[in-house]
Amino acid sequence: MTGARHSRDLIPSRALLLLISALLVLVRSDPADNHCSSDLISTCEACLRLGPECAWCFQERFLNGAHISQRCGSVSDLRVRGCKEEFIENPHVKVEVNTMFSSSQVTPREITIHLRPGSDASFVVQVQQLERYPVDLYYLVDVSASMQDNLDRLKTVGLALSHQMKEHSSDFQVGFGSFVDKPVSPYIDVHPSKLANPCSNYEVQCRPAHGFIHVLPITENMTEFTRVIKEQRISGNMDTPEGGFDAMLQAIVCKKDIGWRPEAKHLLLVMTDQPSHLTLDSKLAGIVVPHDGRCHLENNIYSQTTTMEHPTIGQLAEKLLENNIYSIFAVDQLQYQWYEDLMDLIPGSYVGRLFPKASNLKDLVVHAYKKFLSDVELQVGVEDSQAHRFRVNVTAFCPNGSNVFGNAKCSSVQPKQTVLFNVTVGMTSCPPEGADQDVVISIRPVGFNESVTVRVRQVCGCGCTESRLCHDDPNPTACSAETSKPMDVCREDRTKPICSGRGICECGMCVCDSSRLGSIYGKFCEMDDFSCPYERGLVCGGHGQCVSGECVCLPGFTGETCDCPVSTETCVSDDGSICSGLGKCVCGKCVCDDPRRSGAFCEKCHTCYSSCQAYWDCVDCHLSNELGSNSVQLCNHSCTPLVDYVDDIRELIRGKYCLYPTKNKCHHRFLMDVTTDGPQLHISRHPVCDWSERSFKTFFSTFLLTVMLGISLLTIVRYLLRTRDCVWQENTDQESCKDSSYVPSTNEKTITYRRDRFPNQPVEIHSHIPKMPMGNAWQ
């Protein structure tokens with residue numbers, strides 16, 4: 001009882017220990033191990049794409065025989081399983097700063113970061129405001145009829161603004177351009193009289209409507225600026241909105257025509273009392289071609305105003321940022337709210353209320369410029385096709401000590417103060433195979449003519465490929481990342497698939513698949529021991545290797561299955577020639593040129609020769625001339641000239657033997673041979689007589705012997721039969737033994753038949769009845 005109770009007490013204790021062990025296993029398990037474990041992983045690249053915590057072991061005999069996916073795991077897991085540190089592929093995030101470019105406003109100018117999927121990198125950008133900048137101010141003025149008072153005021157305020165801006169700028173220059181609207185219906189009245197003078201109803205001479213005219217490039221000559229302003233005349237249109245955004249884009253992108261200086265702060269002042277047309281408004285005039293964002297000035301006039309749509313807000317904002325231009329909207333009180341709603345969409349922009357007759361224009365521009373200098377903001381640009389794969393966060397550390405995560409702007413920055421921006425760039429996924437591995441991200445302070453170029457190198461491949469190349473290949477050009485393509489080293493040539501489609505490329509070498517049919521091996525997994533023809537139970541006859549499904553024979557062998565020796569020794573006939581000179585040695589055997597020939601050396605041909613009788617006339621001619629020396633010439637008409645005479649024709653082994661019968665019951669042997677020059681006859685000098693005396697005696701002796709043997713055989717048979725009869729009669733108690741070839745006795749008996757017609761003529765019939773031996777008596 002005590003033992004049973006003790007056992008029952010142990011059961012809960014064991015269960016508790018098992019539970020604790022399971023919990024310990026769960027606590028010890030690395031989440032990265034589970035994240036990096038997948039049976040679908042078969043390449044180093046696929047492993048690295050799982051996340052920055054995943055690594056790949058490219059040690060050749062690591063877990064020999066295990067599935068390829070076992071090479072992927074966390075660094076700690078791979079170490080525990082026996083992978084050496086130098087064989088673990090685990091690219092780290094790197095940030096490289098190029099310090100070669102110096103700058104007084106934005107540093108650094110160039111940064112290179114190495115990212116892998118799921119990882120991010122951080123760096124700091126410094127932006128410092130200078131005390132005084134050169135300033136370029138371009139007036140873009142709406143010259144519709146309602147802007148007459150503002151245009152007149154500009155003639156006097158321009159010079160005063162120039163003098164006041166010199167207090168804040170080391171070099172102030174101005175330019176001028178005008179706009180109204182697209183000169184097409186329904187924006188303007190297209191009546192011929194209105195086209196030349198839109199203000200004809202008011203008895204005022206106006207200039208024709210226009211999309212944008214560039215009047216005065218950036219200049220420091222204020223006298224010229226005042227003269228140009230005084231020459232400006234108003235125009236007119238029909239609808240309320242104007243073509244302000246259309247003209248703005250041309251003033252932004254036509255940098256050479258406008259004269260924007262690279263080192264200056266660029267201010268684009270837009271004066272208008274109406275809102276601007278947007279992109280879709282162009283369709284009212286049947287204009288459906290999207291704006292291409294390029295400069296289209298011809299003789300300082302916007303040439304595509306009637307064929308291209310108005311630009312989009314995003315397009316306008318992009319071009320302002322790209323060309324480092326601040327935009328100032330000096331608008332009427334009624335349109336202030338319309339433009340203020342756009343400020344969040346247009347970086348580096350300012351909107352101010354323009355008092356009647358532009359009385360506050362000077363103060364508006366100066367206030368806007370001061371605000372631009374006190375606000376420091378970063379804008380990040382990523383290629384549209386790549387933006388979905390990257391995330392960028394910017395946090396500004398302002399001089400006043402404030403910093404908010406995700407805030408990329410500092411206000412109230414004084415000259416010579418520095419703003420620090422912490423920028424974090426993360427990559428979510430790798431590009432498709434074959435895409436460019438470098439992506440450029442532009443970080444630009446708004447309104448500054450300097451920017452930061454961030455080059456992101458996406459680590460989506462395995463560095464072990466390049467290191468293996470440098471280790472194995474003495475050619476230094478193979479180690480260059482610019483000239484070598486890691487996957488190409490796993491191809492036999494560019495037309496072939498990677499690892500012949502039967503393996504994966506790992507670190508510059510093919511890891512071949514396993515197969516139940518046999519082994520797959522070779523540098524490119526091109527060889528195996530099962531997909532080629534067999535000969536005598538061996539792949540490629542045991543005389544070659546199976547490469548890409550075809551036998552590659554060893555030296556000395558050829559053929560589809562490498563069973564054909566290259567040597568011709570087995571084809572040498574007795575006379576020393578190859579196949580008797582009548583064929584070729586193929587695969588160690590003679591292949592006759594003439595398909596009618598046969599034999600191991602093409603020496604046989606039962607149908608190659610003509611009939612023997614076809615040459616009887618020739619043989620007869622030679623025999624008639626007693627096989628003389630002049631027989632060849634005398635017999636040219638009846639046979640081939642290639643004739644010779646032999647004493648023993650049996651010495652000739654090639655050709656067909658024939659007989660020519662003569663009148664004395666003899667015959668002459670001759671042989672027909674086929675050579676490259678035609679038929680040839682070999683005639684025996686000695687005839688053979690088939691019915692000679694010796695032959696007759698032999699025949700007669702054979703005949704007599706055969707007859708005597710037959711008679712003897714019959715005598716023996718007769719004796720044997722007689723002996724058998726005597727023995728049988730003795731067994732039946734007869735008196736004597738008679739000759740078994742008995743002679744029957746004759747008994748005469750007269751038998752008379754009555755006939756009605758012949759009563760007097762008896763008929764006698766003699767019947768000889770042999771007297772049978774007693775043993776053969778009738779029953």
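Modeller: The questions below concern the predicted model shown above.

Modeller: In this predicted model, local features need pLDDT of at least 70 and side-chain atom pairs count only at pLDDT 80 or more, while totals for chains, interfaces and linings use all residues. Residues are numbered from 1 along each chain as its sequence is written, and side-chain values use heavy atoms, with hydrogens and water left out.

Biologist: How many helices and strands does the protein chain have, and what makes a run of residues count as one?

Modeller: The protein chain has 16 helices and 39 strands. These are DSSP runs numbered from the N terminus: a helix is H or I with at least four residues, and a strand is E with at least two.

Biologist: Why is His296 called buried?

Modeller: Buried means under 20% relative accessible area, exposed means over 50%, and partly exposed lies in between, with a 1.4 Å probe and protein chains only. His296 has 17% relative accessibility, and therefore counts as buried. Its place is in the loop between strand 11 (265-272) and strand 12 (297-298). Of the 779 residues of the protein chain, 40% count as buried.

Biologist: Which residues is His296 in contact with, leaving aside its neighbours within four places in sequence?

Modeller: Contact means heavy atoms within 4.5 Å. On that basis His296 is in contact with Gln250, Cys254, Ile301, Tyr302, Ser303, Gln304 and Met308.

Biologist: What makes a set of residues a nonpolar core?

Modeller: The set must consist of buried Ala, Val, Leu, Ile, Met, Phe, Trp, Tyr and Cys residues joined through side-chain atoms within 4.5 Å. The largest such core has 79 residues, and Tyr139, Met271, Leu361 and Phe421 have the most contacts inside it. Helix 12 (residues 361-374) supplies the largest share of this core, 8 residues. A second, separate core has 32 residues, including Phe245, Val253, Leu268 and Tyr336.

Biologist: What does Phe421 touch, not counting residues up to four places away in sequence?

Modeller: Among the residues that Phe421 touches are Phe123, Val376, Leu378, Ala408 and Lys409.

Biologist: Which residues of helix 7 are buried, and how do you know on which side they lie?

Modeller: In helix 7 (residues 222-231), Met222, Phe225, Thr226, Val228 and Ile229 are buried. They cover an arc of only 165 degrees around the axis, so they lie on the same side of helix 7; the arc is that of the directions from the helix axis to the C-beta atoms. On the other side of helix 7, Thr223 and Lys230 are exposed. The elements that cover the buried residues include strand 8 (133-142) and helix 5 (148-165).

Biologist: Why is the pair of Tyr138 and Trp260 called tilted?

Modeller: Rings of Phe, Tyr and Trp (its six-membered ring) pair if their centres lie within 6.5 Å; planes under 30 degrees apart count as stacked, over 60 as edge-to-face, and the rest as tilted. The structure holds 7 aromatic pairs. For Tyr138 and Trp260, the value is 6.2 Å centre to centre with 55 degrees between the planes, so the pair is tilted. Tyr138 is in strand 8 and Trp260 is in the loop between helix 9 (255-258) and strand 11, 122 residues apart. Tyr138 is buried because its relative accessible area is 0%, and Trp260 counts as buried at 9%.

Biologist: How do you know that strand 33 and strand 34 pair?

Modeller: Two strands pair if DSSP finds at least two bridges between them. Strand 33 (residues 583-586) and strand 34 (residues 589-592) are joined by 4 bridges, so they pair; they run antiparallel. Cys585 stands opposite Cys590 in strand 34. The two strands form a hairpin with 2 residues between them, and Cys587 in the turn has a positive phi of about 55 degrees.

Biologist: What makes strand 2 and strand 3 edge strands?

Modeller: They belong to an open sheet of 3 strands in the order 2-1-3, with antiparallel pairing. Strand 2 (72-73) and strand 3 (88-89) each have a single partner strand, so one side of each is left without a neighbour in the sheet. Strand 1 (residues 55-57) is joined to strand 3 by 2 bridges, and the bridge partner of Trp56 in strand 3 is Glu89.
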